[in-house]
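Trainee: I would like to learn how to read a structure of this kind. Please show it to me, and then I will ask about one feature at a time.

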Amino acid sequence: MEDDAPVIYGLEFQARALTPQTAETDAIRFLVGTQSLRYDNQIHIIDFDDENNIINKNVLLHQVGEIWHISTSPADKGVLATCYNKTSDTKVMTCAAVWRMPKELESGSHESPDDSSSNTQTLELLCHLDNTAHGNMACVMWEPMGDGKKILSLADNNILLWDLQESSANAVLSSSAALEGKGQLKFTSGRWSPHHNCTQIATANDTTVRGWDTRSMRQIYCIENAHGQLVRDLDFNPNKQYYLASCGDDCKVKFWDTRNVTEPVKTLEEHSHWVWNVRYNHSHDQLILTGSSDSRVILSNMVSISSEPFGHMVDDDELSDQEDQHQEEK
């Protein structure tokens, strides 16, 4: 197989939730959650063997409902959280829970990509994030640099901060905040900042982006009309504090300095339909990946607002001043 050929892995059902497993440092691993109304849903553990350019996989049953959001513990590679649909009395609720995968799967799989004879195993439920008094869960966020014991969830117009007790078998609500205003306010997404000792988060509701201090649960900045339509996703620059990216249904991706939110630092208008996702590359923060319902995924090179000088990934001696200038423009 050629080095630049894609490695393709098919799912039995459609999927809208995936995440890298950051606590796994010895392997390249992603988790993908499926959405099926008729069958038990699944979490696919996908390990990429970059030496042989193949994918190894395992499948875990997630029997409680369609998976809308998935996130992994930054400290324990066997622990993850999901937001999922649950039907009771003809009413559909989006709930959240913390799970543990079987011990033997934590260290990775050695299956052949075509080996479908293995028995599918089931996730172990550690605890529910009880949202009965707060509404539908939109997403769950782990404290980025923590020990895996602090977790935030967004439920309708509420921010909930949970402490996971010993073995993550119990979640205690330690503090919360409510979004107040006219109408039925609901959070659509959120992101925990890796900077400022992990004391700040950003949330999106309707067209507004807000910053919060997790110690006081008070708002610290507000970007009114950040986008012309619904804000879909957020991500913090991993290397440059105060820098935040947002995207939305106005087809735009915007970059903000949270110290001065009157105008975006930069705006991208490369997509022709809703932009659902935006993510920074954690090694080279000039690289930003966006996904849209225009059926395109775009990788942008945002040199001018990155933490690294241009040419960081190439040998400066190989570029003349003229070539450097041309490359910057490109």
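Trainee: Which residues have the most contacts inside the largest nonpolar core?

Mentor: Keep in mind that this is a predicted model. As a general idea, nonpolar side chains in soluble globular proteins tend to be buried together. Here the largest nonpolar core has 17 residues, and V98, L129, M137 and I151 have the most contacts inside it. At least two residues of this core come from each of β6 (79-88), β7 (91-100), β9 (124-128), β10 (137-142), β11 (150-155) and β12 (158-164). Apart from it lies another core, made of 16 residues, including L60, M93, A97 and W99.

Trainee: What does M137 touch, not counting residues up to four places away in sequence?

Mentor: Its list includes C83, T94, C95, A96 and L129. N131, S153, L154, A155, L160 and W162 are also touched by M137.

Trainee: How many helices and strands does the chain have?

Mentor: There are two helices and 24 strands. Of the chain's 330 residues, 48% count as buried. Sequence separation is another thing to read: among contacts between residues at least 6 apart in sequence, 44% join residues at least 24 apart. The accessible surface is about 17,400 Å², and carbon and sulfur atoms hold 45% of that area.

Trainee: How do I read a strand residue, and where is K150 found?

Mentor: K150 is found in strand β11. K150 counts as partly exposed because its relative accessible area is 37%. Leaving aside neighbours within four places in sequence, K150 is in contact with M141, W142, E143, W162, D163 and W192. L161 is eleven residues from K150 along the chain, and their C-alpha atoms are separated by 7.2 Å.

Trainee: How many salt bridges are counted?

Mentor: The count is nine. For each one, look at the distance between the atoms and at where the partners sit. In one of them, the side chains of R29 and D47 meet at 2.9 Å, N to O. That pair links distant parts of the chain, with R29 in strand β2 (residues 28-35) and D47 in strand β3 (residues 41-49), 18 residues apart.

Trainee: Are R29 and D47 buried or exposed?

Mentor: Both R29 and D47 are buried. Other pairs need the check residue by residue. D257 forms a salt bridge with R259, with the closest N and O atoms 2.8 Å apart. D257 has 12% relative accessibility and therefore counts as buried, whereas R259 is exposed because its relative accessible area is 55%. D294 and R296 also meet in a salt bridge, at 3.4 Å from N to O. D294 is at 16% relative accessibility, so D294 counts as buried. R296 has a relative accessible area of 37% and is therefore partly exposed.

Trainee: Which side chain of opposite charge is nearest to D250, and how far away is it?

Mentor: K254 is the nearest, at 4.6 Å. A salt bridge needs the atoms within 4 Å, and D250 is buried yet has none. D250 is found in the loop between β19 (243-248) and β20 (253-257).

Trainee: What does the side chain of D250 reach at 2.9 Å?

Mentor: The backbone nitrogen of G228. Setting aside neighbours within four places in sequence, the contacts of D250 are H227, G228 and Q229.

Conventions
Residues numbered from 1 in each chain as written. Predicted model: local features only at pLDDT ≥ 70, side-chain atom pairs only at ≥ 80, totals over all residues. Heavy atoms only, no water. Helix = DSSP H or I, 4+ residues; strand = E, 2+ residues; numbered from the N terminus. Buried < 20%, exposed > 50% of the residue type's maximum accessible area, 1.4 Å probe, protein only. Lys, Arg positive; Asp, Glu negative; His and termini not counted. Polar contact = N/O pair within 3.5 Å; in protein donor to acceptor, adjacent residues only side chain to side chain. Contact = heavy atoms within 4.5 Å. Core = buried A, V, L, I, M, F, W, Y, C linked by side-chain atoms within 4.5 Å. Areas by Shrake-Rupley, 256 points an atom, 1.4 Å probe, with all protein chains shown as cover.
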